[in-house]
Amino acid sequence: MGWQRPDGRQPQELRSHRFQRHFTQFALGSVLAQAGQTQVLCTVSLQEGVPKFLEGTGQGWLTAEYRMLPSATRPRQEREFLKLSGRTQEIQRLIGRSLRSALDLSLLGERTLIVDADVLQADAGTRSLAITGGYIALVDAVSTLLQQGVLSESPLCHQVAAVSVGLIDGEPYLDLSYAEDVTASVDFNVVMTANGQFIEVQGTAEIGSFDRPTLDRLLDVASQGIQELIEIQQHVLAASHE
(Lines give C-alpha, C1' and ligand atoms only; values in the text may rest on other atoms or scores of the structure.)
Protein backbone atom coordinates (compact mmCIF):
# COMPACT_ATOMS: atom_id res chain seq x y z
CA MET A 1 0.00 0.00 0.00
CA GLY A 2 2.87 2.40 0.72
CA TRP A 3 2.67 5.59 2.76
CA GLN A 4 -0.86 6.94 3.19
CA ARG A 5 -0.77 10.73 3.26
CA PRO A 6 -2.55 12.17 6.32
CA ASP A 7 -4.55 14.59 4.14
CA GLY A 8 -5.39 12.00 1.48
CA ARG A 9 -3.27 13.53 -1.30
CA GLN A 10 -1.64 11.54 -4.05
CA PRO A 11 2.17 11.19 -3.78
CA GLN A 12 2.85 13.84 -6.45
CA GLU A 13 0.04 16.23 -5.46
CA LEU A 14 0.64 19.68 -4.00
CA ARG A 15 -1.12 20.89 -0.93
CA SER A 16 -3.90 23.42 -1.54
CA HIS A 17 -2.18 26.78 -2.13
CA ARG A 18 -3.70 30.22 -1.63
CA PHE A 19 -2.07 33.63 -2.00
CA GLN A 20 -3.89 36.69 -0.69
CA ARG A 21 -2.29 39.81 -2.17
CA HIS A 22 -2.24 43.31 -0.65
CA PHE A 23 -2.69 41.77 2.79
CA THR A 24 -1.15 44.69 4.72
CA GLN A 25 -1.39 48.43 4.13
CA PHE A 26 2.10 49.88 4.34
CA ALA A 27 4.37 47.37 2.60
CA LEU A 28 5.10 47.89 -1.10
CA GLY A 29 3.96 44.32 -1.67
CA SER A 30 2.36 41.92 0.79
CA VAL A 31 1.00 38.40 0.46
CA LEU A 32 -0.50 35.97 2.94
CA ALA A 33 0.73 32.66 1.53
CA GLN A 34 -0.92 29.40 2.57
CA ALA A 35 -0.03 25.80 1.71
CA GLY A 36 -2.24 23.39 3.57
CA GLN A 37 -1.89 24.36 7.24
CA THR A 38 1.31 26.37 6.73
CA GLN A 39 0.86 30.15 6.62
CA VAL A 40 3.57 32.73 5.88
CA LEU A 41 3.13 36.50 5.64
CA CYS A 42 5.48 37.86 2.96
CA THR A 43 6.07 41.61 2.75
CA VAL A 44 8.48 43.74 0.70
CA SER A 45 9.89 47.14 1.66
CA LEU A 46 12.42 49.51 0.09
CA GLN A 47 15.40 51.08 1.81
CA GLU A 48 17.72 53.64 0.29
CA GLY A 49 21.36 52.53 0.17
CA VAL A 50 23.11 49.21 -0.25
CA PRO A 51 25.64 47.11 1.70
CA LYS A 52 29.12 48.60 1.82
CA PHE A 53 30.54 46.20 -0.76
CA LEU A 54 28.09 47.65 -3.33
CA GLU A 55 28.47 51.34 -2.52
CA GLY A 56 29.43 53.37 -5.58
CA THR A 57 28.58 50.58 -8.04
CA GLY A 58 25.09 51.84 -8.91
CA GLN A 59 23.76 48.35 -8.25
CA GLY A 60 20.95 47.46 -5.91
CA TRP A 61 20.44 44.56 -3.50
CA LEU A 62 17.76 42.31 -2.06
CA THR A 63 17.90 40.76 1.37
CA ALA A 64 15.46 38.69 3.40
CA GLU A 65 14.53 38.25 7.03
CA TYR A 66 12.72 35.13 8.27
CA ARG A 67 11.06 34.69 11.63
CA MET A 68 8.64 32.22 13.16
CA LEU A 69 6.01 33.49 15.58
CA PRO A 70 6.16 31.79 19.00
CA SER A 71 2.69 30.26 18.49
CA ALA A 72 3.42 29.03 14.94
CA THR A 73 4.27 25.61 16.36
CA ARG A 74 3.30 23.44 19.30
CA PRO A 75 4.77 23.84 21.84
CA ARG A 76 5.41 27.59 21.81
CA GLN A 77 8.90 28.64 20.73
CA GLU A 78 10.86 31.46 22.32
CA ARG A 79 11.30 34.59 20.20
CA GLU A 80 14.69 35.13 18.59
CA PHE A 81 16.05 38.55 19.45
CA LEU A 82 19.73 39.47 19.21
CA LYS A 83 21.02 35.99 18.40
CA LEU A 84 19.41 34.13 15.51
CA SER A 85 19.51 30.35 15.36
CA GLY A 86 21.56 28.71 12.64
CA ARG A 87 18.34 27.44 11.07
CA THR A 88 16.85 30.93 10.85
CA GLN A 89 20.01 32.36 9.31
CA GLU A 90 20.19 29.54 6.77
CA ILE A 91 16.54 29.97 5.73
CA GLN A 92 16.64 33.74 5.34
CA ARG A 93 19.81 33.49 3.25
CA LEU A 94 18.10 30.93 1.02
CA ILE A 95 15.09 33.22 0.57
CA GLY A 96 17.36 36.15 -0.24
CA ARG A 97 19.46 34.20 -2.76
CA SER A 98 16.37 32.79 -4.44
CA LEU A 99 14.57 36.11 -4.86
CA ARG A 100 17.73 37.99 -5.90
CA SER A 101 17.90 35.60 -8.84
CA ALA A 102 14.56 37.04 -10.03
CA LEU A 103 16.05 40.53 -10.43
CA ASP A 104 18.44 42.49 -12.60
CA LEU A 105 19.97 44.33 -9.65
CA SER A 106 21.57 46.95 -11.89
CA LEU A 107 18.10 48.39 -12.56
CA LEU A 108 17.40 49.05 -8.87
CA GLY A 109 19.97 51.79 -8.41
CA GLU A 110 21.62 51.89 -4.99
CA ARG A 111 18.54 50.71 -3.16
CA THR A 112 17.78 47.60 -1.11
CA LEU A 113 14.59 45.57 -1.27
CA ILE A 114 13.85 43.83 2.03
CA VAL A 115 11.66 40.73 2.02
CA ASP A 116 10.20 39.81 5.40
CA ALA A 117 8.84 36.27 5.77
CA ASP A 118 6.94 35.80 9.03
CA VAL A 119 5.61 32.31 9.73
CA LEU A 120 2.17 32.50 11.32
CA GLN A 121 1.60 28.75 11.36
CA ALA A 122 4.07 25.98 10.54
CA ASP A 123 3.24 22.57 9.14
CA ALA A 124 6.54 22.18 7.19
CA GLY A 125 7.52 23.81 3.92
CA THR A 126 7.86 27.30 5.40
CA ARG A 127 11.00 28.24 3.43
CA SER A 128 9.56 27.04 0.13
CA LEU A 129 6.29 28.87 0.71
CA ALA A 130 8.19 32.02 1.73
CA ILE A 131 10.00 31.98 -1.62
CA THR A 132 6.90 31.23 -3.69
CA GLY A 133 4.77 33.82 -1.88
CA GLY A 134 7.68 36.23 -1.62
CA TYR A 135 7.96 36.30 -5.41
CA ILE A 136 4.33 37.43 -5.72
CA ALA A 137 4.91 40.14 -3.11
CA LEU A 138 8.05 41.18 -4.99
CA VAL A 139 6.11 41.56 -8.25
CA ASP A 140 3.57 43.78 -6.50
CA ALA A 141 6.35 45.81 -4.87
CA VAL A 142 8.04 46.44 -8.22
CA SER A 143 4.69 47.44 -9.73
CA THR A 144 4.20 49.96 -6.92
CA LEU A 145 7.69 51.41 -7.40
CA LEU A 146 7.07 51.79 -11.13
CA GLN A 147 3.76 53.56 -10.48
CA GLN A 148 5.45 55.87 -7.99
CA GLY A 149 8.19 56.72 -10.49
CA VAL A 150 10.92 55.40 -8.18
CA LEU A 151 11.90 52.91 -10.88
CA SER A 152 11.77 53.63 -14.60
CA GLU A 153 12.17 50.02 -15.69
CA SER A 154 11.18 46.73 -14.09
CA PRO A 155 14.15 44.77 -12.70
CA LEU A 156 12.22 41.50 -12.77
CA CYS A 157 13.81 38.97 -15.10
CA HIS A 158 12.84 35.51 -13.81
CA GLN A 159 9.79 33.97 -12.18
CA VAL A 160 10.76 31.89 -9.15
CA ALA A 161 9.03 29.23 -7.03
CA ALA A 162 10.10 26.52 -4.58
CA VAL A 163 8.83 23.26 -3.15
CA SER A 164 9.86 20.40 -0.88
CA VAL A 165 10.07 16.77 -1.89
CA GLY A 166 10.94 13.71 0.15
CA LEU A 167 11.48 9.98 -0.02
CA ILE A 168 9.11 7.87 2.06
CA ASP A 169 9.15 4.07 1.85
CA GLY A 170 11.32 4.38 -1.25
CA GLU A 171 8.88 6.62 -3.14
CA PRO A 172 9.05 10.38 -3.83
CA TYR A 173 6.39 12.57 -2.21
CA LEU A 174 5.76 16.20 -3.12
CA ASP A 175 5.21 19.16 -0.79
CA LEU A 176 5.64 17.47 2.58
CA SER A 177 3.58 18.23 5.66
CA TYR A 178 5.26 18.04 9.08
CA ALA A 179 4.14 14.43 9.68
CA GLU A 180 5.71 13.48 6.35
CA ASP A 181 8.82 15.62 6.78
CA VAL A 182 9.78 13.83 10.01
CA THR A 183 9.10 10.44 8.38
CA ALA A 184 11.06 10.99 5.15
CA SER A 185 14.41 9.24 4.77
CA VAL A 186 15.50 11.86 2.22
CA ASP A 187 14.37 15.48 2.25
CA PHE A 188 14.92 18.16 -0.44
CA ASN A 189 14.06 21.81 -0.95
CA VAL A 190 14.20 22.85 -4.60
CA VAL A 191 14.07 26.36 -6.10
CA MET A 192 13.56 26.86 -9.83
CA THR A 193 12.70 29.43 -12.48
CA ALA A 194 9.69 29.31 -14.78
CA ASN A 195 11.86 28.04 -17.66
CA GLY A 196 12.97 25.00 -15.67
CA GLN A 197 16.37 26.21 -14.51
CA PHE A 198 17.54 25.28 -11.00
CA ILE A 199 18.43 28.09 -8.59
CA GLU A 200 19.14 25.96 -5.55
CA VAL A 201 18.84 22.34 -4.48
CA GLN A 202 19.11 21.57 -0.77
CA GLY A 203 18.92 17.91 0.12
CA THR A 204 20.12 15.34 2.58
CA ALA A 205 19.63 11.73 3.60
CA GLU A 206 18.12 11.68 7.07
CA ILE A 207 18.61 7.91 7.20
CA GLY A 208 21.29 6.04 5.27
CA SER A 209 22.05 7.26 1.75
CA PHE A 210 20.50 7.43 -1.72
CA ASP A 211 21.66 6.77 -5.28
CA ARG A 212 21.67 8.88 -8.45
CA PRO A 213 18.44 7.41 -9.93
CA THR A 214 16.65 8.31 -6.68
CA LEU A 215 18.01 11.86 -6.88
CA ASP A 216 16.73 12.13 -10.46
CA ARG A 217 13.27 10.91 -9.43
CA LEU A 218 13.09 13.42 -6.60
CA LEU A 219 14.14 16.30 -8.86
CA ASP A 220 11.63 15.25 -11.52
CA VAL A 221 8.80 15.32 -8.98
CA ALA A 222 9.98 18.67 -7.60
CA SER A 223 10.20 20.13 -11.12
CA GLN A 224 6.65 19.05 -11.86
CA GLY A 225 5.41 20.61 -8.63
CA ILE A 226 7.22 23.88 -9.27
CA GLN A 227 5.70 24.18 -12.73
CA GLU A 228 2.27 23.87 -11.10
CA LEU A 229 3.24 26.57 -8.59
CA ILE A 230 4.47 28.81 -11.41
CA GLU A 231 1.02 28.51 -13.03
CA ILE A 232 -0.68 29.31 -9.71
CA GLN A 233 1.52 32.40 -9.30
CA GLN A 234 0.65 33.56 -12.81
CA HIS A 235 -3.05 33.08 -12.17
CA VAL A 236 -2.88 35.00 -8.87
CA LEU A 237 -0.92 37.87 -10.44
CA ALA A 238 -3.29 38.06 -13.42
CA ALA A 239 -6.29 38.53 -11.13
CA SER A 240 -7.30 42.11 -10.42
CA HIS A 241 -7.21 43.29 -6.82
CA GLU A 242 -10.74 43.45 -5.44
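Biologist: Asp169 sits in the loop between S6 and strand S7 (171–174). What makes Asp169 count as buried or exposed?

Modeller: The model is a predicted one, in which local features need pLDDT of at least 70, side-chain atom pairs count only at pLDDT 80 or more, and totals for chains, interfaces and linings use all residues. Residues are numbered from 1 along each chain as its sequence is written, and side-chain values use heavy atoms, with hydrogens and water left out. Strands (E, at least two residues) and helices (H or I, at least four) are DSSP runs numbered from the N terminus. A residue is buried under 20% relative accessible area, exposed over 50% and partly exposed in between, for a 1.4 Å probe and protein chains only. Asp169 has a relative accessible area of 61%, and is therefore exposed. Its phi is near 55°, a positive value in a residue other than glycine.

Biologist: Asp175 lies in the loop between S7 and H3. How do you know whether Asp175 is buried or exposed?

Modeller: Its relative accessibility is 4%, so Asp175 counts as buried. Asp175 also has a positive phi of about 55°, although it is not a glycine.

Biologist: Which residues touch the most other members of the largest nonpolar core?

Modeller: A nonpolar core joins buried Ala, Val, Leu, Ile, Met, Phe, Trp, Tyr and Cys residues through side-chain atoms within 4.5 Å. The largest one has 43 residues, and Ile95, Leu99, Leu113, Ile131 and Leu138 touch the most other members. Elements that supply at least two residues each include strand S3 (38–48), strand S5 (111–121) and H1. H2 gives the most, with ten residues. Setting aside neighbours within four places in sequence, Leu138 is in contact (heavy atoms within 4.5 Å) with Val44, Leu62, Leu99, Ala102, Leu103, Leu113 and Leu156. There is also a second, separate core of 17 residues, which includes Leu174, Val186, Leu219 and Val221.

Biologist: How do you know how the radius of gyration of the protein stands against that of a compact globule?

Modeller: The radius is taken over C-alpha atoms, and the globule rule is 2.2 Å times the number of residues to the power 0.38. For 242 residues a compact globule would be near 18 Å, and the protein has 18 Å, so the two agree. The C-alpha trace spans about 60 × 40 × 40 Å along its principal axes.

Biologist: What order do the elements follow from the N terminus?

Modeller: The protein has four helices and nine strands, running β-β-β-β-α-β-α-β-β-α-β-β-α. Among contacts with a separation of 6 or more, 70% join residues 24 or more positions apart.
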